[in-house]
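Hello,

Here is the structure I promised to pass on. Please have a look at it first, and then read my notes below.

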Amino acid sequence: MTTAVLTGANSPLGARVARLLAEPVEQDSSADPIEVIVLDETVHPSSSADGALSTMPDVADVIIDLGTSDYDRRAERRESASEFITSSLAAADRFSADQIVFVSSALVYGAAPNNPKPLTEDAVLRPDVEFVFARQLASAEELVDQWRRARPGRSATVLRPAISLAEGDSSRLASALVYGLGRRVAQADPPSQFLHLDDLAAAIVLAVRRRLDGVFNVAPDGWVPGERVRALSGERPRVPLPERLSEVVASLRWRFQRGPLPPGLASYTRDPWIISNGRLREVGWEPTITNEQAYVEATEAPWWTMVSPKRRQELTLGVSVAGALLGALILAYAGRRWWGGSPRIKRRGAPSPGSGASATFSRRGCGVHCRRRSPGAHRRR
């Protein structure tokens, strides 16, 4: 029997992995059953005196790390990915495990206009310098490789999945990436990949059962062109902004919890980072859900995507006409206020002809009040 210690199990992906590991393999009746041990994140693996660890076995075969790449949980606990992978490696030493399965992310490749399509596992890692989480995952991969080379007989599986989605189970990071893709104004959108969590869980289980060693990309076959992503997203109406100003606004919105894109993630919605699944396919993994199916299942279609093209054109024309009429009314009102409010010479208390009463005039431009007397008034005085 194989004993697997699962970290970061309290997540949608962790629940899927635990369920698949507990199921018997129908294709291979000779496969060893797997005992799954869920390691609480609040327990430090190196503390053998802890009561929670004292009830666990002394030896385990494999450590499955799902928590390091859990962006939501790391942000909630204000922990870095580098710190969590250190705890997982300590757990591997604590249980004398000789294999670790580490779920990283394809974000470590970085997004760039000159990226090949697709990227293989041998590509140089160039995570965005402004996206700290991607740089932490790249550092975590280095720590895992150091652990593997520290003792003969160890194996380390590093999985780099594409954007992982599922209905109702998508992380904030995945939702932010989905939101940012296909939204550029008057510019071409990059191609994208969307991996279902069920297929990612199957890849993790395969790595445990086959004792895979090395780096493997996890993604469906092919990718979705930028134009198709834009069509699936519904082309949400937006106010056109210059690219640099749009990045500043997105950063401020995220800081004040009013926007979906964290700082540094904009480049991943602007440039391609498509990955190849050829190496994982060679060892027996096959995707069961396509890119478009994963995207459609995990996202809610906006109401305007349900409208027929003819009806959408009619609505657009109606909105344009209404906007033009509103603009004309505003201009007419402003012009009336302008012309109606122009200064004029005002005359008050004009005397009747021949009367000796004084009259006051307001002269335009000087504001000086002048008093005029009748000729008879001087003689009477």
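Setting aside neighbours within four places in sequence, T7 touches L39, I64, D65, L66, G67, F84 and S88, where contact means heavy atoms within 4.5 Å. T7 belongs to strand 1 (residues 2–7); helices (H or I, at least four residues) and strands (E, at least two) are DSSP runs, numbered from the N terminus. With 5% relative accessibility, T7 counts as buried. Here buried means under 20% relative accessible area, exposed over 50%, and partly exposed in between (1.4 Å probe, protein chains only).

A word on the source: this is a predicted model, in which local features need pLDDT of at least 70 and side-chain atom pairs count only at pLDDT 80 or more, while totals for chains, interfaces and linings use all residues. Residues are numbered from 1 along each chain as its sequence is written, and side-chain values use heavy atoms, with hydrogens and water left out.

For the overall picture, the protein has 13 helices and 11 strands. Of its 381 residues, 42% are buried. Among contacts between residues at least 6 apart in sequence, 78% join residues at least 24 apart.

Two helix pairs are worth a look. The axes of helix 4 (residues 81–94) and helix 5 come within 8 Å and cross at roughly 20 degrees. Axes are lines fitted to C-alpha atoms, for helices over the stretch in contact, and angles run from 0 to 180 degrees between N-to-C directions. Helix 4 and helix 5 are therefore roughly parallel to each other; angles under 35 degrees count as roughly parallel, over 145 as roughly antiparallel, 65 to 115 as roughly perpendicular and the rest as oblique. Their crossing is right-handed, meaning that the near helix is turned clockwise from the far one by less than a right angle. Residues of helix 4 that meet helix 5 include I85 and L89, and among their partners in helix 5 are L137 and W147.

In the second pair, helix 1 (residues 12–22) and helix 7 (residues 197–210), the axes come within 9 Å and cross at roughly 50 degrees, so these two are oblique to each other. This crossing, too, is right-handed.

Now the aromatic rings. The structure holds 6 aromatic pairs: rings of Phe, Tyr and Trp (its six-membered ring) pair if their centres lie within 6.5 Å, and planes under 30 degrees apart count as stacked, over 60 as edge-to-face and the rest as tilted. Y71 and F131 have ring centres 6.5 Å apart and planes at 35 degrees, so this pair is tilted. Y71 lies in helix 3 (residues 71–77) and F131 in the loop between strand 4 (99–103) and helix 5 (132–149), so the pair ties together parts that are 60 residues apart in sequence. Y71 is buried at 14% relative accessibility, and F131 is buried at 3%.

Lastly, P220 sits in the loop between strand 8 (214–218) and helix 8 (226–233). P220 is buried, with a relative accessible area of 3%. Its C-alpha atom is 7.3 Å from that of F194, 26 residues away along the chain.

Enjoy exploring!
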